[in-house]
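Subject: Structure handover

Hi,

Here is the structure I promised you. Please open it next to this email and follow along.

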Amino acid sequence: MSTDTHAAHADHHHHGDAHAHGTFSTYLLGFVLSVVLTAIPFWLVMSGALPSKQITALVIMAFAVVQIVVHMIYFLHMNTTSENGWSMMALIFTIVMVVIALSGSLWVMSHLNSNMMPVHEMTGMN
């Protein structure tokens with residue numbers, strides 16, 4: 001085969017490439033968003049800005065979900081047009097799994113706190 005045939009063959013494989021590729025500016029935007037979405041919940045916990053622990057936990061969970069979506073869009077390049085929409089299905093699946101994992105974690109931690117920390121042991125009474 002000649003060099004022209006190889007070049008034409010190689011060029012043929014790259015025309016249908018519908019994958020999204022990031023640029024420096026999109027990676028930088030994703031990084032900045034990730035830092036902001038990490039710093040705000042950290043500040044909320046450290047400053048005690050919200051009146052109750054339950055509200056703080058819900059706000060942190062919302063920030064966690066948003067941050068996962070930011071990572072999927074800016075770093076994994078998922079969108080509705082690439083791969084015939086399967087990336088959108090992966091996004092929906094990920095969001096559902098994250099909600100289940102976050103709510104399950106909060107449920108387990110709440111029950112561990114109430115079931116594993118008896119009052120009489122904490123106060124020193126036997």
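How many nonpolar, polar and charged residues does the lining of the largest pocket have? It has three nonpolar, two polar and one charged. Here Ala, Val, Leu, Ile, Met, Phe, Trp, Tyr, Cys and Pro count as nonpolar, Asp, Glu, Lys and Arg as charged, and the others, Gly among them, as polar.

First, some ground rules. This is a predicted model: local features need pLDDT of at least 70, side-chain atom pairs count only at pLDDT 80 or more, and totals for chains, interfaces and linings use all residues. Residues are numbered from 1 along each chain as its sequence is written, and side-chain values use heavy atoms, without hydrogens and water.

**Confidence**
The protein averages a pLDDT (the predictor's confidence in each residue, from 0 to 100) of 79. At least 70 is the score of 76% of the residues. Helix H1 (residues 3-14) is lowest, with a mean of 52. Helix H2 (residues 24-47) is highest, at 95. Helices are DSSP runs (H or I, at least four residues), numbered from the N terminus.

**The pocket**
The lining consists of Lys 53, Ala 57, Leu 106, Met 109, Ser 110 and Asn 113. Helix H3 (53-74) and helix H4 (86-116) each give two or more residues to it. H4 gives the most, with four. A pocket is an open set of points on a 1 Å grid over the protein atoms alone, where a 1.4 Å probe fits, with protein on both sides within 12 Å along at least five of seven lines; lining residues have an atom within 4 Å of a point.

**H2 against H3**
These helices pack at an angle of about 170°. Their axes, lines fitted to C-alpha atoms over the stretch in contact, are 10 Å apart. H2 and H3 are therefore roughly antiparallel (over 145 degrees, on a scale from 0 to 180 between N-to-C directions). Their contact (heavy atoms within 4.5 Å) has 14 nonpolar, seven polar and no charged residues.

Now find Phe 63 in helix H3. Leaving aside neighbours within four places in sequence, Phe 63 is in contact with Leu 37, Ile 40, Pro 41 and Leu 44. The C-alpha atoms of Phe 63 and Pro 41 are 7.2 Å apart. Along the chain, 22 residues separate the pair.

Best wishes

Key: Parallel < 35°, antiparallel > 145°, perpendicular 65-115°, else oblique.
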